[in-house]
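Please keep the sequence and the structure in view while reading.

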Amino acid sequence: GDRHRAARYAWDTSIFSFLLLSLLAALAWFAREPILAALGARGATLHYAADYLGIILVGMPLLALGNCGTSTLFALGSARLAMLVSLSATVTQAVLDPILIFACGLGLQGAALASLTAQMMLVVAAWYVVIWRYRLRAPLCLRLLLLNIPAIVAIAVPAVLTNLTSPLATAYAAREMAPFGDDAVAAFAVIIRLVPVGFALLFSLSAAVAPIVGQNAGAARYDRVRQTLTAALQFNWLTVAIIGLALYLLRDLLPQWFKLDDSAAALLRFYCSGASLLFGCKGMIFFINAAYNNLGRPFYSTASNLAGLIFGAIPLISLGAWLLGPRGIILGHMAEAILTAPVCWLVVQRLVSRLETASLPRHP
């Protein structure tokens, strides 16, 4: 019920994120060519990627502001408006992409400009709703911002470390894929784009699990927490099976839609012919991490994701590249959580049992 404090945290978190992303984007902008070269880009590929990043990085601080705005709407209980705000940015990019890329002939630069415009739309839409619909306003106060930064960082650091592992694994896979040529990299890029679309339900599953686990744990109904985790596990693998079947049925059409050459098309068909099912292990990590956070153990999420990166993604991708080439890299990247997911499942069950025991009344 403390709207003033809520507004203060919403605005201070957003300002802090904007400043931090501005600094990181500036550093990345000046170092983008060495970074891309370290990931294996060469020649024309390096030139085009650097041009693309030169525009995209300008919008990163805006993306931070937009994401903070939509997160504020979620925190206010306005999931529908948060969804509509996100869709406004998605529709903006969907409309501008073909216009700028094809009609205006801007190619990759057109794609980057469409992304930048979509990020501007996200900021405007999200904060318009926050300011005018919910009237959540807090004037900038440097002293209060500095006082709130420790509280923000206490939550942000484990969250950042947790979320950092997946892009690091993807970057490492891209680096391993680069020596196999542009066709291999193109196929991998398409796969990376297909994953969040095809498995969108698994990404949203964690958002659904989080409040249910948190509310029932707060009410000491750990039987319902177990039921939620079991239902999430079943939903996860059922979704993976259905999407895996859909990808298998579309395995010959997808390469045509993306206009992939023969070798790139073969890699995409390989992914659609069963390799995608391995993503179910990653899906388990998503909702288990949400459970950790809402059971008061955010560093469990950090530890599990770091373990997945160090003991799963890096060795499996390296081994796959050595044994099977590009196909092995795809398998290793999809299976990065195959070693940690079962362990995390056992850990979260044990954590629930321990919390349940601690919540029981003690009789003399």
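The largest share of the lining of the largest cavity, four residues, is supplied by H14. The model is a predicted one, in which local features need pLDDT of at least 70 and side-chain atom pairs count only at pLDDT 80 or more, whereas totals for chains, interfaces and linings use all residues. Residues are numbered from 1 along each chain as its sequence is written, and side-chain values use heavy atoms, with hydrogens and water left out.

**The cavity**

A cavity here is a set of points, on a 1 Å grid over the protein atoms alone, where a 1.4 Å probe fits but cannot get out, and its lining residues have an atom within 4 Å of a point. The volume is the space filled by probe spheres set on the points, which are joined across faces, edges and corners. The count comes to one cavity of 30 Å³ or more, and the largest cavity holds about 60 Å³ of space. Its lining is made up of Thr165, Lys282, Ile285, Ser304, Asn305, Gly308, Leu309, Glu336, Ala337 and Thr340. Helix H13 (279-294) and H14 are the elements that give two or more residues to this lining. By class, the lining has three nonpolar, five polar and two charged residues, where Ala, Val, Leu, Ile, Met, Phe, Trp, Tyr, Cys and Pro count as nonpolar, Asp, Glu, Lys and Arg as charged, and the others, Gly among them, as polar.

**Two helix pairs**

Helices are DSSP runs (H or I, at least four residues) numbered from the N terminus, and their axes are lines fitted to C-alpha atoms over the stretch in contact, with angles from 0 to 180 degrees between N-to-C directions.

| Pair | Angle | Axis distance |
|---|---|---|
| H14 (residues 298-324) and H15 (residues 326-334) | about 160° | 6 Å apart |
| H8 (residues 182-198) and H15 | roughly 25° | within 11 Å |

H8 is therefore roughly parallel to H15, a term for angles under 35 degrees, while angles over 145 count as roughly antiparallel. In the contact of H8 with H15 (heavy atoms within 4.5 Å), Ala184, Phe188, Ile191, Ile192 and Val195 in H8 meet Pro326, Ile330, His333 and Met334 in H15. This contact has eight nonpolar, one polar and no charged residues.

H14 and H15 are therefore roughly antiparallel to each other. From H14, Leu316, Ile317, Gly320, Ala321 and Leu324 meet Pro326, Arg327, Gly328, Ile329, Leu331, Gly332 and His333 in H15. The residues of this contact divide into seven nonpolar, four polar and one charged.

Technical notes. Parallel < 35°, antiparallel > 145°, perpendicular 65-115°, else oblique. 1 Å grid on protein atoms, 1.4 Å probe; cavity = no way out; pocket = protein on both sides within 12 Å on 5 of 7 lines; lining within 4 Å.
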